[in-house]
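I had some time with a new model today and kept notes as I went. Here they are, in the order in which I looked things up.

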Amino acid sequence: MTKEVSILPIQSVYSIDNHMITATVLHEEPLVMKFDQVLNDEECQMFIDSAALRLTKSKLANKEESQIRTSSGMFFEENESPLITEIENRISTLMHVPISHAEGLQVLHYEPGQEFKEHYDFFGASSPSSHNNRISTLIIYLNDVEEGGETTLPRLGITMKPVKGSAIYFEYFYNNQELNELTLHSGEPVIRGEKWVATQWMRKQRIREGY
């Protein structure tokens with residue numbers, strides 16, 4: 001079977017505007033990577049502080065509430081503040097996809113017992129959004145979780161513990177749908193403490209105007 005080329009050029013270090021992000025490949029096809037130091041402590045706290053008063057019960061991509069997803073969350077507006085713009089551009093460069101293809105940055109908060117059960121980030125063929133499907137995900141951990149809250153990709157045997165400022169990246173744009181389905185993932189229940197994450201999804205085509 002022909003190996004498909006990943007979206008992201010694989011490196012051990014990504015230097016973005018003097019911001020050094022180190023990387024570890026967790027799986028090659030589909031590509032799954034761990035990034036360290038995507039955000040510094042101040043940036044993580046800014047996200048938490050900015051989001052805390054704007055949280056609402058999380059919904060699925062189809063706008064429905066579900067026991068699959070029991071967190072609370074919010075979306076930042078495009079260019080909401082200079083720091084949001086700076087971080088969006090850093091993430092876009094890291095993910096190797098133009099910012100015009102980016103959904104709004106989402107912050108999620110999980111309390112003990114809350115989780116996001118197994119799911120895919122891409123849209124199914126019957127979804128109206130599948131004509132401009134998601135192609136990759138970056139989940140940034142904004143705090144250290146006392147216990148629980150791992151991101152798990154069960155079909156790849158990957159479990160990632162939340163560490164402040166680090167992130168997990170995976171992509172699912174492949175022509176071979178079996179590869180995309182290997183990115184089934186979950187946010188395990190928080191056992192002790194709380195969990196804050198910022199998530200960026202990228203689309204195949206432009207969704208933002210003016211870029």
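The entries below go from the whole chain to single residues.

**Entry 1: the whole chain**

I note at the start that this is a predicted model. I looked up the secondary structure and found three helices and 15 strands in the protein chain. Next I checked the overall dimensions. The C-alpha trace spans about 45 × 40 × 35 Å along its principal axes.

I then asked for burial and surface. Of the 211 residues, 51% count as buried. The chain exposes about 10200 Å², and carbon and sulfur atoms supply 49% of that area.

I also looked at contacts between residues at least 6 apart in sequence: 73% of them join residues at least 24 apart. For the charges, I have 19 positive and 31 negative, and their mean positions are 3 Å apart.

**Entry 2: helix 1**

How far apart are the end C-alpha atoms of helix 1? They are 16 Å apart, which agrees with the span that 12 residues should have at 1.5 Å a residue. Helix 1 covers residues 41-52. I listed its buried residues: Glu 43, Cys 44, Met 46, Phe 47, Ile 48 and Ala 51.

What covers the buried residues of helix 1? I found several elements, among them strand 2, strand 5 (72-75), helix 2, strand 6, strand 8 (134-141) and strand 15 (195-203).

**Entry 3: helix 2 and Glu 88**

Helix 2 was my next stop. It has 14 residues and reaches 20 Å from its first C-alpha to its last, close to the 20 Å expected. Its buried residues are Ile 84, Ile 87, Glu 88, Arg 90, Ile 91, Ser 92, Leu 94 and Met 95. I reminded myself of the helix geometry: an α-helix has 3.6 residues a turn, so residues three or four places apart point the same way.

I picked Glu 88 from that list, which sits in helix 2 (residues 82-95). Is Glu 88 buried or exposed? Its relative accessibility is 2%, so Glu 88 counts as buried. Leaving out residues up to four places away in sequence, Glu 88 touches Glu 78, Asn 79, Ile 99, Leu 105 and Arg 208.

**Entry 4: backbone angles**

I went through the backbone with one rule in mind: most residues other than glycine have a negative phi, and most peptide bonds are trans.

His 96 follows helix 2 and has a positive phi, near 65°. I placed His 96 in the loop between helix 2 and strand 6. With 48% relative accessibility, His 96 counts as partly exposed.

Asp 17 also turned up, with a positive phi near 50°. Asp 17 belongs to the loop between strand 1 (13-16) and strand 2. It counts as exposed because its relative accessibility is 70%, and the exposed class starts over 50%.

Which residues does a cis peptide bond join? I found Glu 29 and Pro 30, with omega at about 5°. Pro 30 lies in the loop between strand 2 (19-27) and strand 3 (32-36).

I began with Leu 108, in strand 6 (residues 106-110). At 3% relative accessibility, Leu 108 counts as buried. Leu 108 and Leu 55 are 53 residues apart in sequence, while their C-alpha atoms are 8.0 Å apart in space.

Ile 10 came next, in the segment before strand 1. Its relative accessibility is 46%, so Ile 10 counts as partly exposed. Neighbours within four places aside, Ile 10 is in contact with Val 25, Leu 31 and Met 33.

I finished with Arg 155, in the loop between strand 10 (151-153) and strand 11 (158-160). Arg 155 is partly exposed, at 45% relative accessible area. Arg 155 and Leu 182 are 27 residues apart in sequence, and their C-alpha atoms are 5.6 Å apart. Which residues is Arg 155 in contact with, leaving aside its neighbours within four places in sequence? I noted Tyr 120, Glu 181, Leu 182 and Leu 184.

Note on methods:
Residues numbered from 1 in each chain as written. Predicted model: local features only at pLDDT ≥ 70, side-chain atom pairs only at ≥ 80, totals over all residues. Heavy atoms only, no water. Helix = DSSP H or I, 4+ residues; strand = E, 2+ residues; numbered from the N terminus. Buried < 20%, exposed > 50% of the residue type's maximum accessible area, 1.4 Å probe, protein only. Contact = heavy atoms within 4.5 Å. Areas by Shrake-Rupley, 256 points an atom, 1.4 Å probe, with all protein chains shown as cover. Lys, Arg positive; Asp, Glu negative; His and termini not counted. Charge placed at Lys NZ, Arg CZ, Asp CG, Glu CD. Expected span 1.5 Å × (residues − 1).
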